Amino acid sequence: MSDPDSIPGPPHPVNWNLLTADEAGAEWLELDRWVNWLRHTYGLSANVIPPFWHRHPELLWELSALHLHWLCAYDPDQNGSAPIGWHRDFVDAMQRLRDWVAGSVTRLDRDRPTRQTVWPGEKSAPPVEDVVILDRAADFDAFVTADIAQRQAAEDAFYASLDDERPNSA
């Protein structure tokens, strides 16, 4: 008999803003595996899915939604026509991905943060410069490690603040 805790649940939307450190680690790895499968399976160029997609929130959210859509479309309990719907939506998503990649000017061997428009009264944005990245896998690992550490620090600070609010029981 298998452990019910080891059986994955049904596909679910991922709100990257609300993930815990542990949840984020698992989601990052799963999405990265799927994005690699997607780009190889469909022969996608870097102008659709660049190597440094993980550094661009607009690409992260689009690819995450596309992944969920794919999981649902290929679920064994799904209607037999669901995969064609996924492919139709994939064509639309590829155009959005191209537009965002073009806007960010991320490339095969270098990355540039997505430009942010500064509204009147806001602090000026730092200059946007290309960063050459020689090893995509190492960059991804470092990026995810930093993301998880930031989430863990926020969680730790939150729980510490709860402890600070409790009356002393001495």
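These legends go with several close-up views of a predicted model. As a predicted model, it has its local features taken only at pLDDT of at least 70 and its side-chain atom pairs only at pLDDT 80 or more, while totals for chains, interfaces and linings use all residues. Residues are numbered from 1 along each chain as its sequence is written, and side-chain values use heavy atoms, with hydrogens and water left out.

**View 1. Helices α1 and α4 side by side.** Here α1 (21–41) meets α4 (136–165); helices are DSSP runs of H or I with at least four residues, strands are E runs of at least two, and both are numbered from the N terminus. The two axes come within 8 Å and cross at roughly 160° (axes are lines fitted to C-alpha atoms, for helices over the stretch in contact, and angles run from 0 to 180 degrees between N-to-C directions). α1 and α4 are therefore roughly antiparallel, a term for angles over 145 degrees, with 65 to 115 counted as roughly perpendicular. On the α1 side, look for Ala21, Ala24, Gly25, Trp28, Leu29 and Asp32; contact means heavy atoms within 4.5 Å. Their partners in α4 include Phe140, Phe143, Asp147 and Arg151. The contact residues divide into 8 nonpolar, 2 polar and 5 charged (Ala, Val, Leu, Ile, Met, Phe, Trp, Tyr, Cys and Pro are nonpolar, Asp, Glu, Lys and Arg charged, and the others, Gly among them, polar).

**View 2. Where α1 crosses α2.** The axes of α1 and α2 lie 10 Å apart at an angle of about 80°, which makes the pair roughly perpendicular. Trp28, Glu30, Leu31, Trp34, Val35, Trp37 and Leu38 of α1 meet Leu60, Leu63, Ser64, Leu66, His67 and Trp70 of α2. By class, this contact has 10 nonpolar, 2 polar and 1 charged residues.

**View 3. The pairing of α2 with α3.** For α2 (57–73) and α3 (82–104), the packing angle is about 170° and the axes are 10 Å apart. That makes α2 roughly antiparallel to α3. Among the α2 residues in this contact are Leu59, Leu63, Leu66 and Trp70, and α3 brings residues including Trp86, Phe90, Leu97 and Trp100. The tally is 13 nonpolar, 3 polar and 4 charged.

**View 4. The second largest pocket.** On a 1 Å grid over the protein atoms alone, a pocket is an open set of points with protein on both sides within 12 Å along at least five of seven lines, a cavity is a set where a 1.4 Å probe fits but cannot get out, and lining residues have an atom within 4 Å of a point. This pocket has a volume of about 210 Å³, volume being the space filled by probe spheres set on points joined across faces, edges and corners. Its lining is Trp16, Asn17, Trp28, His54, Arg55, Pro57, Leu60, Trp61, Phe143, Asp147 and Arg151.

View 5. A search of the whole structure finds 1 cavity of 30 Å³ or more, and the largest cavity has a volume of about 30 Å³. Val14, Trp16, Glu27, Leu31, Ser64 and His67 line the cavity, with α1 and α2 each giving at least two lining residues.

**View 6. Val105 in its loop.** Val105 sits between α3 and β1 (110–111). Phi of Val105 is near 60°, a positive value in a residue other than glycine. Most residues other than glycine have a negative phi.

Terms used:
Angles under 35 degrees count as roughly parallel, over 145 as roughly antiparallel, 65 to 115 as roughly perpendicular and the rest as oblique.
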